[in-house]
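Please brief me on the strands and helices of this model. Keep it short and grouped by topic.

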Amino acid sequence: MDNPGKVIPSRRLSEDRQPPGSAGRPFLGYGLGLRPDYYEIILAEKPDVDWFEVISENYMVEGGKPLYYLDRIRADYPVVMHGVSLSIGGTDPLDSEYLCQLKLLAERVEPEWISDHLCWTGLGGNNFHDLMPLPYTEEAIKHVVARVRQVQDYLGRQILLENVSSYLTYCDSNLTEWEFYTAVVEEADCLMLFDINNVYVSAINHGFDPLEYLKFVPVERVRQFHLAGHSDYGHYLIDTHDHPIVQPVWDLYTEALALFGPVSTLIERDDCFPPISELLAELNQARTLGGSLFSDSLVRQ
Amino acid sequence: MSSLQDVQIAFKRYLFNEDNDIASRIVNTPGFDSHQRLSIYGNAYRSRLIEALSIDYSALHNLLGNDEFHQLGLDYIEFYPSTYYSLRWFGQNLPHFLKTDETYKNRVWLGELAEFEWTFVNAFDAKDVKIVEIDDAAQIPPDSWPGLKITLHPSVYWITCSWNCFAIWKAIKNASEIPVPQQLQDPVSFLIWRQGLDTRYRSIEPDEKVALEAVQEGNNFAELCEELVVYLRPEETALRAASLLKTWLAEGLVGELSIE
């Protein structure tokens, strides 16, 4: 795709500059989800954000503002691509047109990595535009693993899969979520985008101990964290990304840092957008937590 | 059929209001049963799609109010569930739905207003191409003009309204009093396009609409002039066509000029 004049920033850490305890993973620092409400202020003020994550589907368009802002912000910051429609657990064949668009966008953006969700998003040619839970079974593991391999072969790179928030358990499930997630990423040889808020939300909704989940996860496969807010409905939580991050999620994040070492951390906000200063304050809170556990100079490189 | 596929089919039938058989495959917990748990997905499915419609059709939403727009969204989802990987395209059939569904088709202005708004959506992210400037056109030798072919920028659209939906749309955008829907004495056409990053619009006269249609069909400048004979004396057509082209160039409507 034609993209003249693009300058790719060289802020990534090389393999020999990894923070200690990071299991050799690249570390981008602390990032924000790129959303249109913040395009102008990002270009004008170049806020102290180490990297941005973009929703891949929002840029699978032919032109206009989305690609204009994406190219310009990419010239100043590292970017990762995060998809919502791969439907890696779906039973329709993988959408070849979608994969083609994903690859084209990746050629344009040159992202540090590409992620999507461990879920299914549609059936019979219909997209539900929601992250539907999978049954935690050997059959589902085998199904997802084969599809991850297909996607990785097509893209020519490893992908990251994110754990989703869920609100129900299938009677068919005979594994825990963390056993299922771990089996998928290990057998498919892909990486993990570990969403701390989703672990917390699902822990409340299903009554499990989130620390048990954290302790089971293969540290070497965790490439990125997500932090976000949710909505509290009393006896259950919904992953809405429209509130500040709550203290129990910060606490879980601290536990995760201690277990996994420094992990590139991103704050997601998808509704009720506050002034960017509020998100930067949350980002700094994450930095402070990381900095208190690891050498700040290394974390901020 | 695999167990995984079986469970996904059952879940889709639940989301599509066909049956609740999936509930028997969901674990019940005290105080938070399978139906409550499933309803989180059912509500999220519909509310996300209706929210996407509201973003693309904000004036229509305003005109109908929350309750009727929500019902319209539910009716539309039933007929046109999303078949795209991006929500960008979910609303594309709404103008047609409004024009043909028994509940809505008698209020013709609803379909026209939706078509107006959807045209803005299409112009917003149409393909980027370099526009031709007036100075570029000045380089064309006079004897080449009859064979001149004009290619419009991909963001250029025009629509014709028989009702006062433009006045309704503008009143909603300006937060002023919304006029009563009424049929116009003569239909009015509007040009909608993107200039730089900004989406623009203006009304167009019937002869300009004919000229745009001639260009879109691949006619050259001489053939474009012939189309204008319906509205002008033959000796006036070339001047009018040149004037239109100059306006289009100034407004960034032209993506390419080529000589046959």
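Two strands pair if DSSP finds at least two bridges between them. Helices (H or I, at least four residues) and strands (E, at least two) are DSSP runs, numbered from the N terminus. This is a predicted model: local features need pLDDT of at least 70, side-chain atom pairs count only at pLDDT 80 or more, and totals for chains, interfaces and linings use all residues. Residues are numbered from 1 along each chain as its sequence is written, while chains are lettered from A and ligands numbered from 1 in the order in which they are written.

**Barrel of chain A**

- Eight strands of chain A close into a barrel, in the order β1-β2-β3-β4-β7-β8-β9-β12, with parallel pairing.
- From one strand to the next, the twist averages 30°; axes are lines fitted to C-alpha atoms, for helices over the stretch in contact, and angles run from 0 to 180 degrees between N-to-C directions.
- Strand β2 (residues 51–55) of chain A runs parallel to β3(A), joined by four bridges. A:Phe52 has A:Val79 as its bridge partner in β3(A).
- Two bridges link β3(A) to strand β4 (residues 114–117) of chain A, again in parallel. A:His82 has A:Ser115 as its bridge partner in β4(A), and A:Met81 stands opposite A:Ile114.
- Three bridges connect β4(A) with strand β7 (residues 160–162) of chain A, which run parallel. Here A:Asp116 stands opposite A:Leu161.
- Strands β9 (residues 222–227) and β12 (residues 264–267) of chain A run parallel and share four bridges. The partner of A:Gln224 in β12(A) is A:Ser264.

**Crossovers in chain A**

- β2(A), helix α2 (residues 65–76) of chain A and β3(A) form a right-handed β-α-β unit. Right-handed means that, with the strands pointing away from the viewer, the path from the first strand over the helix to the second runs clockwise.
- From β3(A) the chain crosses through helix α3 (residues 96–109) of chain A to β4(A), and this β-α-β crossover is right-handed.

**Covered strands**

- A residue is buried if 20 or more other C-beta atoms lie within 10 Å of its own, exposed if 12 or fewer, and partly exposed in between; C-beta atoms are placed from the backbone.
- Strand β3 (residues 79–82) of chain A is covered on both faces: A:Val79 and A:Met81 are buried on one side, A:Val80 and A:His82 on the other.
- β4(A) is also covered on both faces, with A:Ile114 and A:Asp116 buried on one side and A:Ser115 and A:His117 on the other.

**Helix α4 of chain A**

- Helix α4 (residues 138–155) of chain A has 18 residues and reaches 26 Å from its first C-alpha to its last, close to the 26 Å expected at 1.5 Å a residue. The expected span is 1.5 Å times one less than the number of residues.
- Its buried residues are A:Ala140, A:Ile141, A:His143, A:Val144, A:Val148 and A:Val151. Down the axis of α4(A), they fall within an arc of 165°, so they line one face of the helix. The arc is that of the directions from the helix axis to the C-beta atoms.
- The face turned away from the buried side of α4(A) carries exposed A:Glu138, A:Ala146 and A:Asp153.

**Sheet of chain B**

- Three strands of chain B form an open sheet in the order β2-β3-β4, with antiparallel pairing.
- The edge strands are β2 (157–163) and β4 (198–204) of chain B, each pairing on one side only.
- Strand β3 (residues 183–195) of chain B pairs with β4(B) over seven bridges, in the antiparallel sense. B:Ile192 stands opposite B:Tyr201 in β4(B).
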